[in-house]
Amino acid sequence: MYVIIGGGGKVGYYLARELLEGDHEILVIERSAPRAAEINDLLEGTVLQGDACEAAVLDGAGIARADLVAAVTGDDEDNLVICEIARYRGVPRVLARVNNPTNALLFQKRGIETTVSATEAILAQIEQELPVTSMVPVMQLHQGLELVEVRLSETSPVVGRTPREVLLPPESLIALIVDSGGVPRVPGADTTLTVGDALVVVTRAESKGMLQEALIGGAHGFDT
Amino acid sequence: MARFRSILAPVVDDSASLEAVAIGASLARQEKGVLTLLHVIEVERSLPVTADMDLEAQSGEELLRRARALAAEAGNITINDELLQARVAGPAIVEEAEARGVDVIMMGVGWSPLLGQFEVGPTAGYVLRHASCNVWIVREPLEMATAAAGKAAASR
């Protein structure tokens, strides 16, 4: 697989190093000449010095035959431009690092479905650690869908019901139930939701508020 | 002194490189060793590394023929040659040296003063920094090297 990485900072460098272990063809494009020279030596000559926001640079890098472009610079604007060019050139998979989580929606509106935000990942981790939190984003999926985990408390309006009886927002479904003992179950007709159950739910990003109300009730948890 | 029974000489089309081949051949005769001539075709990123590079392959083979003939003048030595395609020459040379377990890489460097300062160039620089075996750098006498650099500049 040919992977082009836009940005040779720490994220780009370590990403390239891991991918090289997997025997992929890698090219890192780094704007800064000293940084490009520094990591080129460490990455077996797989670094191109240039601005990945320029179509000519990406063309020279062979973007037309790339299987995946990962835009991981420290600037969301640059990452958006890199992804836009990659999509325009027909790259099948495009992935962007989003530094400011509020920009994630902007990427999605431009058709860049796969975004990775370190801030969101850390926030999700913190939320998992906080006992007051009931809804935790787990993963972003394609087409604007997300995977979230919802833990049911005593006040949850769905406790004692079956999954079928729960009125979920459109295009949402309970994919998995993990009981308080840590045992995973596929939701069935005879499954009763109980306090302490963790529901793994697929939903749309814009439906998380409704989902929270349906499963948790009131204004508990974070809506991220 | 270390024994240099297996010698790798990367070949490009310049006089310093061929000088390194001649010295490598002399060393191979002295050590009763093997000289491997290597030419690396650098394939641009817009193409797969395995793309057909017919023109470059033809000129590379011609270059290897010339280098082989020059090395053969040293006498009865074993000469191998190899034509490779890679993204960049430096890592390809280091990998080939490791795969063949060579004792020394012998490469010529031209005289190309950038901003008045001599630099060995990215390929020789990479090999010097990364090859685990010995690396010998051959530079022609200054008068010849600067004349070759001037000739190259005039032809550009």
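A residue is called buried if 20 or more other C-beta atoms lie within 10 Å of its own, exposed if 12 or fewer do, and partly exposed in between, with the C-beta atoms placed from the backbone. This tour concerns a predicted model, in which local features need pLDDT of at least 70 and side-chain atom pairs count only at pLDDT 80 or more, while totals for chains, interfaces and linings use all residues. Residues are numbered from 1 along each chain as its sequence is written, and chains are lettered from A and ligands numbered from 1 in the order in which they are written.

**Stop 1: A198(A)**

Select A198(A), which lies in strand β11 of chain A. Helices (H or I, at least four residues) and strands (E, at least two) are DSSP runs, numbered from the N terminus. Is A198(A) buried or partly exposed? A198(A) has 18 C-beta neighbours inside 10 Å and therefore counts as partly exposed. Apart from residues up to four places away in sequence, A198(A) touches E149(A), R151(A) and V178(A); two residues are in contact if their C-beta atoms, placed from the backbone, lie within 7 Å. Next, select L176(A): this residue and A198(A) are 22 residues apart in sequence, and their C-alpha atoms are 8.3 Å apart in space.

**Stop 2: the sheet around β11(A)**

Now display the open sheet of five strands with the order β7-β8-β11-β9-β10 in chain A, where the pairing is antiparallel. Two strands pair if DSSP finds at least two bridges between them. The edge strands are β7 (135-140) and β10 (184-185) of chain A, each of which pairs on one side only. Select β7(A) together with β8 (residues 145-151) of chain A: these strands run antiparallel and are joined by five bridges. Within this pair, M135(A) has V150(A) in β8(A) as its bridge partner. Axes are lines fitted to C-alpha atoms, for helices over the stretch in contact, and angles run from 0 to 180 degrees between N-to-C directions.

**Stop 3: the parallel sheet of chain A**

Move to the open sheet of six strands in chain A, with parallel pairing and the order β3-β2-β1-β4-β5-β6. Here β3 (47-49) and β6 (114-116) of chain A stand at the edges with a single partner strand each, so one side of each has no neighbour in the sheet. On average, neighbouring strands of this sheet are turned by 20° against each other, direction ignored.

Select β1 (residues 2-6) of chain A, in which four of the five residues are buried. This strand pairs with β2 (residues 25-30) of chain A in the parallel sense over five bridges. There, I5(A) stands opposite V28(A) in β2(A). Continue to β4 (residues 68-71) and β5 (residues 93-97) of chain A, which run parallel and are joined by four bridges. The bridge partner of V69(A) in β5(A) is V94(A). Helix α1 (residues 10-21) of chain A packs on the sheet, touching β1, β2, β4 and β5 of chain A, at about 170° to the direction of β2(A). Helix α2 (residues 33-42) of chain A lies across β2 and β3 of chain A and runs at about 165° to β3(A).

**Stop 4**

Turn to chain B, where ten residues are in contact with ten residues of chain A. On the side of chain B that touches chain A, α3 (89-100) and α4 (122-130) of chain B each supply at least two residues.

How do these two helices lie relative to each other? The axes of α3(B) and α4(B) come within 8 Å and cross at roughly 40°. They are therefore oblique to each other; angles under 35 degrees count as roughly parallel, over 145 as roughly antiparallel, 65 to 115 as roughly perpendicular and the rest as oblique. To see the contact, select A89(B), G90(B), P91(B), I93(B) and V94(B) of α3(B) with P122(B), T123(B), Y126(B), V127(B) and H130(B) of α4(B).

**Stop 5: A131(B)**

Finally, select A131(B), in the loop between α4 and β5 (134-138) of chain B. This residue counts as buried because it has 20 C-beta neighbours inside 10 Å. Beyond neighbours within four places in sequence, A131(B) is in contact with V94(B), A97(B) and I105(B).
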